[in-house]
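Reader: Hi! Could you walk me through this one while I have it open?

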Protein chains: 2
Amino acid sequence: MNAKQERQQKILELISDQSIARQEELSAALKDVGISTTQSTLSKDIKELGVVKVPDGDGGFRYRAPGAFVGADQRPLQGENLLQRELQDFVVSVEAVAQTLVLKTITGHAQGVCEAIDRAEWEEVAGTLAGENTIFILCRSPEACQNLEKRVWIQKTSSTN
Amino acid sequence: MNAKQERQQKILELISDQSIARQEELSAALKDVGISTTQSTLSKDIKELGVVKVPDGDGGFRYRAPGAFVGADQRPLQGENLLQRELQDFVVSVEAVAQTLVLKTITGHAQGVCEAIDRAEWEEVAGTLAGENTIFILCRSPEACQNLEKRVWIQKTSSTN
DNA sequence: CATGTGTATGAATAAAAATTCAATTTTATG
DNA sequence: CATAAAATTGAATTTTTATTCATACACATG
């Protein structure tokens with residue numbers, strides 16, 4: 001009788017693959033995979049798994065698995081995920097000074113993080129410059145800079161997997 | 001108008017001091033400190049701050065500040081873990097050619113990965129050199145090189161956590 | 001094979017959180 | 001200052017989530 005285990009396993013998979021914001025959505029996604037259950041049960045599963053609903057830093061929400069999750073992809077990261085990983089793992093501090101955002105990274109990674117940031121093409125950003133462990137991000141306005149500081153911080157601190 | 005900032009600051013303080021499970025509770029706690037506001041506003045603050053409601057593992061819930069998750073380390077990685085993460089996330093290919101091991105990384109990360117490798121102080125290694133997306137690792141012998149290739153590959157493909 | 005105990009489930013409901021909307025306050029700008 | 005534009009706020013409401021409770025199911029034990 002491991003219908004429950006299977007379902008919970010699948011829940012973890014689904015929320016890491018897709019951006020799922022509501023339990024009803026999750027229920028639908030599960031149904032697509034042949035598992036049919038109710039919101040009630042999902043609420044219990046979610047609590048049991050320790051899954052949390054986090055602001056995605058862009059106006060919405062998303063469920064995320066906080067803890068370990070084996071079996072995910074070992075391939076190099078790309079796009080959005082890469083950026084988040086970069087911020088989480090390598091960025092040491094974030095500070096807005098006037099209209100430039102200063103990020104410090106662990107040594108050797110400023111270039112890489114900066115590249116990921118460039119690729120994100122944030123509209124607030126006029127230009128970037130990276131040394132060995134410091135990145136300057138020149139923003140179009142002090143407000144944009146404050147905004148960005150928050151956004152970066154949220155992305156950095158919102159859990160992945 | 002920094003009523004908002006003050007409030008948000010206080011929210012972060014309160015939820016790290018006390019175990020607060022509901023927004024109404026938070027509202028009450030804030031009132032005790034002289035800040036009176038509504039659930040509506042708190043919902044917005046919480047989203048903006050990236051604060052999340054996590055199962056406390058004991059049947060209840062608790063709001064937590066971003067970066068205070070249980071199973072998710074938000075701090076920059078170090079040592080062994082860092083190396084593994086570097087290999088997993090950034091290394092695209094591994095190939096032993098005679099006695100030098102050639103790693104390709106996604107662009108901008110060769111320096112960072114290489115630094116982590118240097119720090120590991122593998123005895124097979126005579127020296128390393130990194131460009132933008134390529135690392136040369138000169139080994140002391142072809143056999144050492146083969147060995148290392150395996151080791152790196154295993155580290156790269158073994159899951160963390 | 002009854003009977004008891006514990007777990008799992010969903011329908012209904014209660015509780016909590018997010019959003020809408022209108023009012024108000026702040027900030028920018030002539 | 002005056003006034004337009006933007007941001008902040010709370011009351012009401014909608015949406016989403018947690019819990020309750022009754023039922024079903026698995027498994028053990030006499």
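Predicted model: local features only at pLDDT ≥ 70, side-chain atom pairs only at ≥ 80, totals over all residues.

Reader: Nice. And how do α1(B) and α2(B) pack?
Author: The angle between α1(B) and α2 (residues 23-32) of chain B is about 110°, with axes 10 Å apart. α1(B) and α2(B) are therefore roughly perpendicular to each other. On the α1(B) side the residues are B:R7, B:K10, B:I11, B:L14 and B:I15, and they meet B:L26, B:A29 and B:L30 of α2(B).

Reader: What classes do the residues of the contact of α1(B) with α2(B) divide into?
Author: Six are nonpolar, two are charged and no polar residue takes part.

Reader: Over to chain A, then. What's the angle between α1 and α2 there?
Author: In chain A, α1 (residues 3-17) and α2 (residues 23-32) pack at about 110°, and the axes are 10 Å apart. That makes α1(A) roughly perpendicular to α2(A). A:R7, A:K10, A:I11, A:L14 and A:I15 of α1(A) make the contact with A:L26, A:A29 and A:L30 of α2(A). The classes in this contact of α1(A) with α2(A) are six nonpolar, no polar and two charged.

Reader: Changing topic: how many residues surround DNA strand D, and which are the closest?
Author: There are 19 residues around DNA strand D, the closest being A:R22, A:Q23, A:Y63, B:T37 and B:T41. The surface near DNA strand D has nine polar, seven charged and three nonpolar residues.

Reader: What part of DNA strand D is within 4 Å of the protein, sugar or phosphate, or bases?
Author: Both kinds are there: 68% of the atoms of DNA strand D within 4 Å of the protein belong to sugar or phosphate, and the rest belong to bases.

Reader: Which phosphate oxygen distances can you give me for A:Y63 and B:K4?
Author: For A:Y63, a polar side-chain atom is 2.7 Å from a phosphate oxygen of DNA strand D. For B:K4, an N or O atom in the side chain is 3.2 Å from a phosphate oxygen of DNA strand D. Two or more residues of the surface near DNA strand D come from each of these elements: α3 (39-49) of chain A, and α1 (3-17) and α3 (39-49) of chain B. The largest share, five residues, is from α3(A).

Reader: And what does A:K44 lie 3.4 Å from?
Author: A base oxygen of DNA strand D: a polar side-chain atom of A:K44 lies 3.4 Å from it.

Reader: Now the sheets. In what order do the four strands of the open sheet in chain B come?
Author: The order is β3-β4-β6-β5, with antiparallel pairing. β3 (91-97) and β5 (125-130) of chain B stand at the edges with a single partner strand each, so one side of each has no neighbour in the sheet. On average, neighbouring strands of this sheet are turned by 15° against each other, ignoring direction.

Reader: Which helix packs on that sheet?
Author: That's α5 (residues 110-120) of chain B, touching β3, β4 (100-105), β5 and β6 of chain B. Its direction makes about 165° with that of β5(B).

Reader: How many bridges join β3(B) to β4(B)?
Author: Six, and the two strands run antiparallel. B:V94 stands opposite B:L103 in β4(B). β3(B) and β4(B) form a hairpin with two residues between them, and B:A98 in the turn has a positive phi of about 50°.

Reader: Last one: where are the edges of the chain A sheet?
Author: Chain A has an open, antiparallel sheet of four strands in the order β3-β4-β6-β5. Its edge strands are β3 (91-97) and β5 (125-130) of chain A, each pairing on one side only.

How values were computed
Residues numbered from 1 in each chain as written. Chains lettered and ligands numbered in written order. Heavy atoms only, no water. Near = heavy atom within 4 Å. Polar contact = N/O pair within 3.5 Å; in protein donor to acceptor, adjacent residues only side chain to side chain. Nonpolar A, V, L, I, M, F, W, Y, C, P; charged D, E, K, R; others polar. Pairing = 2+ DSSP bridges. Axes fitted to C-alpha atoms, helices over the stretch in contact; angles between N-to-C directions. Contact = heavy atoms within 4.5 Å. Parallel < 35°, antiparallel > 145°, perpendicular 65-115°, else oblique.
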